[in-house]
Amino acid sequence: MKKNILAIDLGGTKIAVGLVNFKGKVIKKNVESTEIKKGAQGVIKQILRMGDDLLAGFQEKVVAIGIGTAGPLDIKRGLIFFAPNLPGWHNVQIVKPLKNHFHLPVYFDNDANAAALGEFLFGAGKGTKNMIYLTISTGIGGGIIINKKLYHGRGNAGEIGHMIIDPNGPKCRCGNYGCLEAFSSGTAIAREAKKNLKKASLIWKLAKGKKKNIDARLVFEAYKNGDKLAQKIILKSLVALGIGLVNITHIFNPDKVILGGGVMKDKKYILPFLRDFVRKKVMFGFKKDIKIEATKLKSDVGLIGAASLAIVKIRE
Ligand SMILES: [Zn+2]
């Protein structure tokens, strides 16, 4: 009988639970809004119920659980220390309730690491030995694969979004100033547009004069239509991201850098700029074969990534 993984992708806005096979294919899934108001225990109950629903009537074998969540985490103890997008969650035990309920081994990591592993096994990172994954959405998360394995350092390595690009830059939600995330995340792009909004800008027109309607997608829409303000904002965010990628290239000299997350819906505009920027700025000896690519797993990257956490351990 074919083996499968029960994969869980826990985020602040949605929870995805899926059955994923060892080829990285999502066989069945269920997505719900996170019942965040019910607190940590309420959300855990929601996950258990979603898992039960999915497993009901499933005839094939399920051998383990893989779960990716926002961090920082204590992977060994199965704890979420706290998560900015899960208010009120402090030192929440996430692994134990899953183990006790489903009687399966549980493999746990942060969502960006899980996504990096998913891309490495089944997506754009297939065939590489060393790769870096960045997810650019509300924040910027990162995952590092060295020698075909996730690199954790002493536990929390890979916080590439908090690489400081300019100490005089905008405040980051981590408390520092000028982190990559504070320049190049979707949130940062929207924030800049709100701050510098002028009635003459197309952003104003697209947002119908309401700041709350502005998000990164809207700014990109204005950018595509030649709006000057949008061009300035996008350029600033891409230059910061380019600097980040130059640093990554110098530190890791990876086979590939893979970019995912909501902002990459506009990859057509983003990738050529970044490739060109990095090629120009890296030192001699790094210029050859710079590979900056978009995710191949798209919206299922969270589930496939979570499953991958289990798959690599079972295959070992
Ligand atoms: Zn930061």
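Me: Let's start with Asp289: is this residue buried or exposed?
Reply: A residue is buried if 20 or more other C-beta atoms (placed from the backbone) lie within 10 Å of its own, exposed if 12 or fewer, and partly exposed in between. Asp289 has 7 C-beta neighbours inside 10 Å. Asp289 therefore counts as exposed.

Me: Good to know! What should I keep in mind about the model and the numbering?
Reply: This is a predicted model, in which local features need pLDDT of at least 70, side-chain atom pairs count only at pLDDT 80 or more, and totals for chains, interfaces and linings use all residues. As for the numbering, residues are counted along each chain as its sequence is written, starting from 1.

Me: Where does Asp289 lie, and what is its phi?
Reply: Helices (H or I, at least four residues) and strands (E, at least two) are DSSP runs, numbered from the N terminus. Asp289 lies in the loop between helix 9 (267-281) and strand 13 (292-294). Although Asp289 is not a glycine, its phi is positive, at about 55°.

Me: And Lys298, what is its phi?
Reply: Lys298 sits in the loop between strand 13 and helix 10. With 12 C-beta neighbours inside 10 Å, Lys298 counts as exposed. Lys298 is not a glycine, yet it has a positive phi of about 50°.

Me: Which helix gives the largest share of the side of domain 1 that touches domain 2?
Reply: Two residues are in contact if their C-beta atoms, placed from the backbone, lie within 7 Å. Eleven residues of domain 1 are in contact with 14 residues of domain 2. On the domain 1 side, six residues, the largest share, come from helix 3 (residues 111-122).

Me: How do helix 3 and helix 10 lie relative to each other?
Reply: Axes are lines fitted to C-alpha atoms, for helices over the stretch in contact, and angles run from 0 to 180 degrees between N-to-C directions. The axes of helix 3 and helix 10 (residues 301-315) are 7 Å apart, at an angle of about 80°. Angles under 35 degrees count as roughly parallel, over 145 as roughly antiparallel, 65 to 115 as roughly perpendicular and the rest as oblique. Helix 3 and helix 10 are therefore roughly perpendicular.

Me: How far is Ile160 from Leu245 in space?
Reply: Ile160 is in the loop between strand 11 (149-150) and helix 4 (180-184), and it is buried, with 25 other C-beta atoms within 10 Å. Beyond four places in sequence, Ile160 touches residues including Leu134, Leu180 and Ile248. Ile160 and Leu245 are 85 residues apart in sequence, while their C-alpha to C-alpha distance is 9.7 Å.
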